[in-house]
Amino acid sequence: MVKSILIIKLGALGDLVQSFGLMRAIAAHHDGARITVMTTPPFAAMVEQSGIADTVIALPRPQFWQWGVWRDWVRAARGHDIVYDLQNNDRTEILYRLSGHKNWVGKATGYDAQNDKNIHMYEAHRRNLARAGVAVFGHDTLSWMGEAIE
């Protein structure tokens, strides 16, 4: 049974907002699991307010030479039963390789519907999640955004 999940979504704002429905689908698929979302500092408060995550980890995007930040990323990825990479970029592929994580859903392990440049990011992620057995039931209502994010 999956007890701990890491979801990686660093930004940008529009992509993050569109990913809330994907994150809720992951949480529903793993009902009862502890959900951690790794994002960047500008978006941490928004993820916290969404109520999706039990824990939010806010880390800067590392440059190639910033070994201390890479170390923090690797530490954040370890200790979870499964990692869902909703960022799917070169940095998260490097993280996959550095972390040695065996249960990773995303571009780094062949779940790469984004190779088809004719589909939207949301649809690519939906297809990747479907391959992993996660049914995406739609976009998030964003009803939790009724108040100012602090």
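**Close-up views of the predicted model**

**View 1. Leu-22 is placed in helix α1.** Helices (H or I, at least four residues) and strands (E, at least two) are DSSP runs, numbered from the N terminus. The model is predicted, and local features need pLDDT of at least 70, side-chain atom pairs count only at pLDDT 80 or more, and totals for chains, interfaces and linings use all residues. Residues are numbered from 1 along each chain as its sequence is written, and side-chain values use heavy atoms, with hydrogens and water left out. Leu-22 counts as buried, at 0% relative accessibility; buried denotes under 20% relative accessible area, exposed over 50%, and partly exposed the range in between (1.4 Å probe, protein chains only). When its neighbours within four places in sequence are set aside, Leu-22 is in contact with Leu-86, Tyr-122, His-125, Arg-126, Leu-129 and Val-136, contact meaning heavy atoms within 4.5 Å. Between Leu-22 and Tyr-96, which are 74 residues apart along the chain, the C-alpha separation is 20 Å.

**View 2. Helices α1 and α5 pack with their axes 10 Å apart, at an angle of about 15°.** That angle makes α1 roughly parallel to α5; angles under 35 degrees count as roughly parallel, over 145 as roughly antiparallel, 65 to 115 as roughly perpendicular and the rest as oblique. Axes are lines fitted to C-alpha atoms, for helices over the stretch in contact, and angles between N-to-C directions run from 0 to 180 degrees. From α1, Asp-15, Gln-18, Ser-19, Leu-22 and Ile-26 take part in the contact, and from α5, Met-121, Tyr-122, His-125, Arg-126 and Leu-129. The contact of α1 with α5 comprises five nonpolar, three polar and two charged residues. Here Ala, Val, Leu, Ile, Met, Phe, Trp, Tyr, Cys and Pro count as nonpolar, Asp, Glu, Lys and Arg as charged, and the others, Gly among them, as polar.

**View 3. The axes of helix α3 (residues 67-77) and helix α4 (residues 90-99) come within 9 Å.** Their crossing angle is roughly 70°, which makes α3 roughly perpendicular to α4. α3 passes α4 in a right-handed crossing. Trp-70, Trp-73, Val-74 and Ala-77 of α3 meet Arg-91, Thr-92, Ile-94, Leu-95, Leu-98 and Ser-99 of α4. Seven nonpolar, two polar and one charged residue form the contact of α3 with α4.

**View 4. Five strands form an open sheet in the order β3-β2-β1-β4-β5, with parallel pairing.** Edge positions are held by β3 (55-58) and β5 (104-105), each of which pairs on one side only. Two strands pair if DSSP finds at least two bridges between them. Strand β2 (residues 34-39) joins β3 in the parallel sense over four bridges, and Thr-39 has Ala-58 of β3 as its bridge partner. β1 and β2 are likewise paired in the parallel sense, over five bridges. Ile-35 in β2 is the bridge partner of Ile-5, while Ile-8 stands opposite Met-38 in β2. Helix α1 (residues 13-29) lies across β1 (4-8), β2 and β4 (82-85) and runs at about 170° to β1.

**View 5. Strands β1 and β2 are each largely enclosed by the rest of the structure.** Five of the five residues of β1 are buried, as are five of the six residues of β2. In a regular strand the side chains alternate between the two faces of the sheet. From β1, Ser-4, Leu-6 and Ile-8 point one way and Ile-5 and Ile-7 the other way, and all are buried.

**View 6. Backbone geometry is shown at Ala-12, Asn-88 and Leu-142.** Most residues other than glycine have a negative phi, and most peptide bonds are trans. The peptide bond from Gly-11 to Ala-12 is cis, with omega near 5°; Ala-12 belongs to the loop between β1 and α1. Asn-88, a residue other than glycine, has a positive phi, near 50°. Asn-88 sits in the loop between β4 and α4 and is buried, with a relative accessible area of 6%. Phi of Leu-142 is also positive, near 60°. Leu-142 occurs in the segment after α5 (121-131) and counts as partly exposed at 24% relative accessibility.

How values were computed: A crossing is left-handed if the near helix is turned anticlockwise from the far one by less than a right angle, and right-handed if clockwise.
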